[in-house]
Amino acid sequence: MTLSSMSFVPSDLSTAEVEASEQLYGDLAQDVRLLVDVAIRARVDADRVAAARDLVRRAERILAEDASQEPAGIHFNTEGRSWNWGNAVVGVRNAIAPPVVLRWVDDETVRSEVDLGAAYEGPPSCVHGGVSALLLDHLMGECASAAHTRLIVTGTLTLRYRKPLPLGRIHMQAQITHEDDRKVTVTAHLGCEAYGDEPAVEATGLFIVPRWAREGSVSGSLD
């Protein structure tokens, strides 16, 4: 598959309509996240599991009454608003996403905090290493985008796992360390309160502005 400016789909939805939909389906996604978490930890008997499965299948049938056959993709409107509801990290309508909410600070650092529960476990009581890589890749790409003023794709991503990262509240931070024409180098880390300022996972990434992105940009924030 080849990405191009045509991969970003214009929409007639107003920003108010987008935000109303995010509220409606975002609440649904949060309910599904809670369901996934409790399904991992549940110890009820077979009859209660069967009853729960009936309810889940009923919910699936209701939602499937009017559902697209395609992935959510990235859309944008004429007001400069864009949305990526299916994104695995920040997707408002994706129950797999924690979801992460990013904050840009004055020094162009990007930060976030997020709670990772049972669904993100790798080693016992710790965050899966692949989940750490997923979060860092997205965080660093957003940072390299310079607050969504340029389109960026990942070139290389190198991680160093210094300590096991416990499940629960984690914090993350990324910053641009070098720029050379279309290439942007970003460093980042994940940590938790228990480790103080010492990172649990460190990363360095090289991000690229595609040539086709220079020919014609898509405006708006990719959230």
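The legends below describe close-up views of a predicted model.

In this predicted model, local features need pLDDT of at least 70 and side-chain atom pairs count only at pLDDT 80 or more, whereas totals for chains, interfaces and linings use all residues. Residues are numbered from 1 along each chain as its sequence is written, and side-chain values use heavy atoms, with hydrogens and water left out.

**View 1. The aromatic pair of phenylalanine 8 and tryptophan 212.** The structure holds two aromatic pairs, a pair being counted if the ring centres of Phe, Tyr or Trp (its six-membered ring) lie within 6.5 Å, with planes under 30 degrees apart taken as stacked, over 60 as edge-to-face and the rest as tilted. Phenylalanine 8 and tryptophan 212 form a tilted pair, with 6.4 Å from centre to centre and 40° between the planes. This pair links distant parts of the chain, since phenylalanine 8 belongs to strand S1 (residues 8–10) and tryptophan 212 to helix H4 (residues 211–215), 204 residues apart; helices (H or I, at least four residues) and strands (E, at least two) are DSSP runs numbered from the N terminus. Phenylalanine 8 counts as buried at 11% relative accessibility, while tryptophan 212 is partly exposed, with a relative accessible area of 22% (buried means under 20% relative accessible area, exposed over 50%, and partly exposed in between, with a 1.4 Å probe and protein chains only).

**View 2. Charged side chains over the rings of tyrosine 25 and tyrosine 195.** Arginine 93 lies over the face of tyrosine 25, at 3.7 Å from the ring centre. Lysine 163 lies over the face of tyrosine 195, where the corresponding value is 4.6 Å from the ring centre. A charge is taken to sit over a ring if NZ of Lys or CZ of Arg is within 6 Å of the ring centre and within 35 degrees of the ring normal.

**View 3. The largest pocket and its lining.** About 1,100 Å³ of space lies in this pocket, a volume being the space filled by probe spheres set on grid points that are joined across faces, edges and corners. A pocket is an open set of points, on a 1 Å grid over the protein atoms alone, where a 1.4 Å probe fits, with protein on both sides within 12 Å along at least five of seven lines, and lining residues have an atom within 4 Å of a point. The lining of the largest pocket has 33 residues, of which Tyr25, Leu28, Leu63, Ala67 and Arg93 lie nearest its centre. Helix H1 (15–41) and helix H2 (46–63) are the elements that give two or more residues to this lining, and H2 gives the most, with seven residues. By class, the lining of the largest pocket divides into 20 nonpolar, seven polar and six charged residues (Ala, Val, Leu, Ile, Met, Phe, Trp, Tyr, Cys and Pro count as nonpolar, Asp, Glu, Lys and Arg as charged, and the others, Gly among them, as polar).

**View 4. The second largest pocket, with isoleucine 152 among the residues nearest its centre.** This pocket holds about 750 Å³ of space and is lined by 26 residues, of which Ile74, Asn84, Asn87, His138 and Ile152 lie nearest its centre. Helix H3 (129–144) and strand S6 (153–161) each supply at least two residues of the lining, with H3 giving the most, five residues. The lining of the second largest pocket comprises 13 nonpolar, 10 polar and three charged residues. Isoleucine 152 is placed in the loop between H3 and S6 and counts as buried at 16% relative accessibility.

**View 5. The salt bridge between glutamate 113 and arginine 169.** The structure holds nine salt bridges, each defined as a side-chain nitrogen of Lys or Arg within 4 Å of a carboxyl oxygen of Asp or Glu. In the salt bridge of glutamate 113 with arginine 169, the closest N and O atoms are 3.0 Å apart. The pair links distant parts of the chain, glutamate 113 in strand S5 (residues 110–116) and arginine 169 in strand S7 (residues 168–180), 56 residues apart. Glutamate 113 is partly exposed, with a relative accessible area of 46%, and arginine 169 is partly exposed, with a relative accessible area of 45%.

**View 6. The salt bridges of arginine 162 with glutamate 198 and glutamate 202.** The side chains of glutamate 198 and arginine 162 meet in a salt bridge at 3.9 Å, N to O. Arginine 162 also forms a salt bridge with glutamate 202, the closest N and O atoms being 3.6 Å apart. Arginine 162 lies in the loop between S6 and S7 and glutamate 202 in strand S9, so this pair ties together parts that are 40 residues apart in sequence. Salt bridges that share partners join Arg162, Lys163, Glu198 and Glu202 into one network.
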